[in-house]
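Subject: Structure handover and findings

Hello,

Here is the structure for you to look through. Please open it beside this note and follow along.

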Amino acid sequence: MSEHLMRAALNAAERGWHVFPLRPGTKRPALHGSDRCVGTGDCANGHRKWEQRASTNPQRIRLCWETCDANVAIATGPSGLLVVDLDMPKTTNRKGSSDAPDGAATFRALCERAGHAVPDTYRVRTASGGEHLYFTAPAGVRLTNTAGTIGELVDTRAWGGYIVAAGSTTPTGAYEALSAPETAPVPGWLLSILTPAPKPVRAPSGPVTAQSSSYADTALANEAQNVASAQQGGREATLFRAARALGRLVAWGDLPGTWLSRLFRRRGSQPDCPLPSAARPCAAP
């Protein structure tokens, strides 16, 4: 047992951060995978992954870390955290240093561009020399992991991710808490980058309703006007474009497909025939 690692796990849990064990000296989860699950204990009702098994329960944490020198992981999603991972460049020159900016420099430049200083928040120096910046995620917003979305060597961990907690050690080095004991809220400019844009409203795909019939009538009227005003020699192309546009309404169930098929059959003998409407369907040829 490592008293130091147990204390690191308990300290994180006291903050409300959900922890789980990593294999000693590594960043890999120490919990069993689905292929080795025996369906007992926490998994009695189905296999539970590390994000589901991460805990803030001191008794469970003591029981776990009393049996091994496990590194400590924090499941960021359940903990209500967004952690910005500022990495170091992987390539170096002959003198052993990199010419490329590291993640911290990139993030600092992004903050300046947004008109703000780098937030004063809880941070941890990673084993590779980078940094983890801890932020409190806003309630009601489910953030996920990103890689390179914000900038080069700037990743984030939220739901579906975890980070190695301060106090853990790998062959590369130790994870060490630096400053600012409190976690700041996610900056607004950063949240705007990480929050997906709302999906566009799509037309209903269900059965025809009074509203969808009205929409279909409007679309039919517009296309009828386009066909009626088409110049000689361009009627076929206009008719084709109208049929293609109205084909979506057929697929959604707002128009019977027989109307368009009748329209195509009539186009040769009656090129000036207007398109039908919901109230006045085309007569059979």
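Below is what was found in it, from the whole chain down to single residues.

First, the ground rules. This is a predicted model, in which local features need pLDDT of at least 70 and side-chain atom pairs count only at pLDDT 80 or more, while totals for chains, interfaces and linings use all residues. Residues are numbered from 1 along each chain as its sequence is written, and side-chain values use heavy atoms, with hydrogens and water left out.

**Overall**

The protein has eight helices and 12 strands. Both are DSSP runs, numbered from the N terminus: helices are H or I with at least four residues, strands are E with at least two. Of the 285 residues, 38% are buried. Buried means under 20% relative accessible area, exposed means over 50%, and partly exposed is in between (1.4 Å probe, protein chains only). Take the contacts between residues at least 6 apart in sequence: 69% of them join residues at least 24 apart. Contact means heavy atoms within 4.5 Å.

**Helix 1 and helix 3**

Two packed helices are described by the angle between their axes and the distance between the axes. Helix 1 covers residues 3–14 and helix 3 covers residues 58–65. Their axes come within 10 Å and cross at roughly 160°. That makes helix 1 roughly antiparallel to helix 3. Axes here are lines fitted to C-alpha atoms, for helices over the stretch in contact, and angles run from 0 to 180 degrees between N-to-C directions. Angles under 35 degrees count as roughly parallel, over 145 as roughly antiparallel, 65 to 115 as roughly perpendicular, and the rest as oblique.

The crossing of helix 1 and helix 3 is right-handed.

Which residues meet? From helix 1 come L5, M6, A9, L10 and A13; from helix 3 come P58, I61, R62 and W65. By class, this contact has eight nonpolar, no polar and one charged residues. Ala, Val, Leu, Ile, Met, Phe, Trp, Tyr, Cys and Pro count as nonpolar; Asp, Glu, Lys and Arg count as charged; the others, Gly among them, count as polar.

Strands of a sheet pair through backbone hydrogen bonds, either parallel or antiparallel. Here, an open sheet of three strands has the order 1-2-8, with antiparallel pairing. Strand 1 and strand 8 (162–164) stand at the edges with a single partner strand each, so one side of each has no neighbour in the sheet. The twist averages 35° from one strand to the next. Two strands pair if DSSP finds at least two bridges between them. Strand 1 and strand 2 (residues 71–75) are joined by four bridges. P21 has V72 in strand 2 as its bridge partner.

**Two residues to look at here**

- V19 lies in strand 1 (residues 19–22). At 3% relative accessibility, V19 is buried. Beyond four places in sequence, V19 touches residues including A9, I61, W65 and V72. The C-alpha atoms of V19 and I163 are 144 residues apart along the chain, yet separated by 9.7 Å.
- A70 is in the loop between helix 3 and strand 2. Its relative accessible area is 0%, so A70 is buried. Beyond four places in sequence, A70 touches L5, P21, L22, P24 and W65. A70 and A9 are 61 residues apart in sequence and 9.7 Å apart, C-alpha to C-alpha.

**The hairpin**

Strand 6 (residues 146–151) and strand 7 (residues 154–157) pair in the antiparallel sense over three bridges. A147 stands opposite D155 in strand 7. The two strands form a hairpin with two residues between them.

T106 is in helix 4 (residues 103–113). At 17% relative accessibility, T106 is buried. Leaving aside neighbours within four places in sequence, T106 is in contact with P101, G151, E152 and V154.

Best wishes

Note on methods:
A crossing is left-handed if the near helix is turned anticlockwise from the far one by less than a right angle, and right-handed if clockwise.
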